Amino acid sequence: MNFIPVNEPLLNGNEKKYLNQCIETGWISSEGEFVKRLESEFAARVKRKYAIAVCNGTAALDIAVAALGIGKGDEVILPTFTIISCAAAIVNAGATPVLVDCDEFTWNMNIHQIEEKITPKTKGIMVVHIYGLPTDMNPILNLADKYGLKIIEDAAEVHGQTYKNIPCGSFGEISTFSFYANKHITTGEGGMILTDDPNLAEKCRSYRNLCFQPQQRFIHEELGGNYRLSNLQAAVGVAQLERLDEFIARKVKMGQGYHELLSNISGLQLPVPKTDYAINHYWVYGVVLQEEIPFDAKEIMSRLKKQSIGIGTRPFFFPMHQQPVFRKMVLFEGESYPVAERIARRGFYIPSGLALTESQIDQVVLMIKEVLR
Ligand SMILES: *Cc1c(COP(=O)(O)O)cnc(C)c1O
């Protein structure tokens, strides 16, 4: 059957070579040179002092919130339009997530709604750059400054991206990345925490590794977890990082290709190609159905799957304030964020992986035209 998957990674650089080195030397656990190499090379790339490799992007957020000492009675402001990992990290710490809607065009958090959500309990703002386009950071940095708030930056969708030429991943007290298989660079499963604060870095390292103590290994003053990244995974990561610029160029070209081919189809809202602070890196290529289209994303996604050339898609994020799990916890009661609610229902993304070819892009567009006819 002819099918174009929503994502396929590219692993044809030095991945095999470095993996072989792990196997030949026996260094397969987290005690290995590739972990250190990935940490130092990633830190250099994002211009941060410290990098702590972890087992995934979700763990990175959990550790980041814990390391900042955010807990019971504290509030953290974040977008409702994001992955559950963000809100879960705050809830897991015993703190309260406080939501803002997203911007209609960039789909990033609505920066104009943040200040009204700040209370004496607010400890931080969790910024999440969505789908490859950064959040407008300067207004948020100003608010953080004005109210003494910490910034946690979730940069899982923007490896190598910049905001006004400053690397994304360098804005937070702590910033995090994911290396899941659909991210710009992958280790299969993996993540990274970045900071310039040596104390925070030490805390993150400790939480990553069960809070073992160097002097008295099996005596614990605090509870951590095992969130380590293996040398095998890091070996893949080092090989991937070597190609980050090439990968970004591919993603940008893919996005621009889609933009050109889709922009004359009416009824589709496309991602913003650029703002005054960044060009879109199109981590994924999202499309929102406008009012004139008489059905929701769910319908078009199922039709695309069944075309002569099947097209893999994914729905947009489902807003945090409508998550059954949080409703059961009586969070966000009576709250409504209309933009996130609408794009969650009307938005989906189309094949955007690094292995996607030019002719597949043409085929995807052809099938979209077909199902909209
Ligand atoms: C992928 C992603 C995560 C989670 O990363 P995992 O490695 O899958 O745990 C967190 N935040 C954002 C914005 C993501 O896109």
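Helices here are DSSP runs (H or I) of at least four residues, numbered from the N terminus. This is a predicted model: local features need pLDDT of at least 70, side-chain atom pairs count only at pLDDT 80 or more, and totals for chains, interfaces and linings use all residues. Residues are numbered from 1 along each chain as its sequence is written, and side-chain values use heavy atoms, without hydrogens and water.

**View A. Isoleucine 84 and a nonpolar surface patch.** Isoleucine 84 lies in helix 4 (residues 84-92). With a relative accessibility of 35%, isoleucine 84 counts as partly exposed (buried is under 20% relative accessible area, exposed over 50%, partly exposed in between; 1.4 Å probe, protein chains only). Ile83, Ile84, Val325 and Met329 make up the patch, with about 310 Å² of accessible area together. Patch residues have over 30% relative accessible area and no salt bridge, with nonpolar side chains (Val, Leu, Ile, Met, Phe, Trp, Tyr) joined within 5 Å. A salt bridge puts a side-chain nitrogen of Lys or Arg within 4 Å of a carboxyl oxygen of Asp or Glu. Areas come from the Shrake-Rupley method with a 1.4 Å probe; for residues, only the protein chains shown count as cover.

**View B. Helix 7, largely enclosed.**

**View C. The ligand site.** The ligand is surrounded by 13 residues, each with a heavy atom within 4 Å. Thr58, Asp154, Glu157, Ser178 and Lys183 are the closest. A polar side-chain atom of aspartate 154 sits 2.6 Å from a ligand nitrogen. A side-chain N or O atom of glutamate 157 is 2.6 Å from a ligand oxygen. The protein buries 92% of the 380 Å² that the ligand exposes when taken alone.

Definitions and conventions: Patch = residues over 30% accessible without salt bridge, like charges linked within 9 Å, V, L, I, M, F, W, Y side chains within 5 Å. Helix = DSSP H or I, 4+ residues; strand = E, 2+ residues; numbered from the N terminus. Polar contact = N/O pair within 3.5 Å; in protein donor to acceptor, adjacent residues only side chain to side chain.
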